[in-house]
Amino acid sequence: MSARLLKKFLKEQELQIPEKDPHHKEAEAEAEDEEEEQQLNSGSSINPFDLLNDDDHVSDQDGELETADETLLESSDKQDLPDCKGNPDVVSRSNHKSKKKKKKKNKEASSESTHKDEKPFDAILEALSLDVNTSSHQHAPEKGKAANTRLHDSLVKRSPASILQVDPKYLNAENELRRIFGSKVVKSFEKSNQTGTGSSRQVRGGRRGGYIPRKTVLVTASEHWPRWDGSFSMEFLEVKDGYHYFSYVHSSSYSQAQSAFEAAKAIHDLNGIASILLYNPYHLDSLLTMADYFKFTGEQQMSADSISKCLYALECAWHPMFTPFQGNCQVKFSDEKNKPLFTTLFAHMKNMDRRGCHRSALEVCKLLLSLDSDDPMGAKFYIDYLSLRAEEYAWLEQFSEDYQSDSSLWLFPNFSYSLAICRFYREKQELEEGAQAVTTKSSSTDLMKQALMLHPSVIKKLVEKVPLKDQAWTGIVKHSFFRAEQVGIPSLDHLINMYVETNYLIWRLPDLQKLLRNAAQQIIEILKSDSSEAKDWACVRKEAFSSEKNEYRHLLVSDFSHSVPTLPPENLQHFIVDPRMREVVHNDGNAANANEGIHAPRNVANRNALAVLFESMLPWVHYEDVNGALEDEDHQLNGHGQGNEEH
């Protein structure tokens, strides 16, 4: 069929369309567009497409026009118009006509698509029995959102692992420092630390040029650190009860380094451990030993750098299926090869807390608690303190209800007091926001009274540790119910000592002191009228902690302390310290106080291995400081002005 006959057929179809057809108006508009095109074309007796063929002649007969139209329609999309350059009228008219055709096609396509979309949408609304009004469209998403929220909350409560999911964006301590102090302050502090580094240091560090360390989540690797050597890896074990079990695996070179470490540890050879790190820079036990050494000598930044290197190596060895931030992975502490992971995470958590990055420390604590359900490091006895410092009050209450699918955590001393503090701050927030108090939960005063009735010996320890010097506390401590310092249950007494050592800083706030004082005074008044209530709480206490042995003796009180332990200088020659010795040194008040705030000298024989270790292991930003410290020691020990140049 020719183009002219096709146009006539379309016009006849348009005339036959009834007025009720929803596309009738669009057909009329298109007919008007065709008439406008004909009027524009009638102004010239020359068909612009005829210029493509100079020998052709336009005739009035239908047969000739049909043949010409067919030829032109087939060739118009493939040929250029070179002869039209000299005739602007012809060019403008042809462009106008092509635009009209495109507009017509777009209208037809849009009308067909809308016509096809309207019926399914109406059918869906009818099937769902929803009103098409705008008001229904506004309320439907809100109802759906509320239903999804309730479903999500129910799933969260049913899944104990979900409460321990870690948010990776809060693991970076630098980001938290920027949120607290602002980017400008952090940048200026970093610049001040970089001043005076000198070009010589950059030249020394330049020997590692071109090396870009791997990106990790737990820590940010320094460009001066050695390349990850892959000396150990992680393997997948099994899936059991919805958890994926993993374990670390050592290579032959790492096993040899481990044997050398055990030999050096047996003879307390610190230089031997330093030599191991020269050839195996990511040997975990050696790095942890050096971190302890730097901590006892007062070099806190160097200690943190050693811990960061451990975390970097541990994360580089992760299995591709290992997703610890989701709370569904288990790495059992009972395997000796997995123990450095827990020790390193615990030390890193303490470092974040010491820097004031409490939210980052909380996320690390959640990770530590989720990796082994047995909680070998006692993370649940530190997580309440970090939650309060990070002001995560709602999360702490949810954790106490969902963890291990029961609410037995409130029986522990740390949770019984921390939940009362948590409720106190939530009540304060509700009062400031003008919201009504939640009647289903106990008040902060009631929770504090329960904590004091269950663990009365805490109050005397807090008065001594904080300290609380108000005269009112003197009368409270002298009361027979609060007079005892020991409960007589080994496990409970140990947990109370851990709680006081960790949380005493929180009780320095006047509002919390007032809460504790009022609750204690109310208990004294209650006991005057009814002393049997104290016996009832004693029965609850004995039932909850029925063991006659200290079940938590593996958790050292010093590990939960905020004070930095130190060692006398004479003990640093044979530094590798047994944990029990650390406990003795920490609890020895005279030795600890005598050396508090004093950097013990590195009085270790044959310092060459250590000097080389400082150069190779630590970031170059500390290199000159270490050299200067070693030279000062040589001045003092040798009695002349020549320093040790063998670095």
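Predicted model: local features only at pLDDT ≥ 70, side-chain atom pairs only at ≥ 80, totals over all residues.
The protein chain contains 27 helices and three strands. Of its 647 residues, 42% are buried, and the chain as a whole exposes about 36200 Å², of which carbon and sulfur atoms supply 51%. Among the contacts in the protein chain with a separation of 6 or more, 73% are accounted for by residues 24 or more positions apart.

The three strands form an open sheet in the order 1-2-3, and the pairing within this sheet is mixed. Strand 1, which spans residues 232-240, and strand 3, which spans residues 329-330, are the edge strands, each of them pairing on one side only. Strand 2, comprising residues 243-250, pairs with strand 3 in the parallel sense over two bridges; on the side of strand 3, Cys329 is the bridge partner of His244.

By class, the residues in contact between helix 19 and helix 21 comprise five nonpolar, two polar and three charged ones. Helix 19 contributes Ser457, Val458, Lys461, Leu462 and Lys465 to this contact, where they meet Ile496, Asn497, Tyr499, Val500 and Glu501 of helix 21.

Key. Residues numbered from 1 in each chain as written. Heavy atoms only, no water. Pairing = 2+ DSSP bridges. Helix = DSSP H or I, 4+ residues; strand = E, 2+ residues; numbered from the N terminus. Contact = heavy atoms within 4.5 Å. Nonpolar A, V, L, I, M, F, W, Y, C, P; charged D, E, K, R; others polar. Buried < 20%, exposed > 50% of the residue type's maximum accessible area, 1.4 Å probe, protein only. Areas by Shrake-Rupley, 256 points an atom, 1.4 Å probe, with all protein chains shown as cover.
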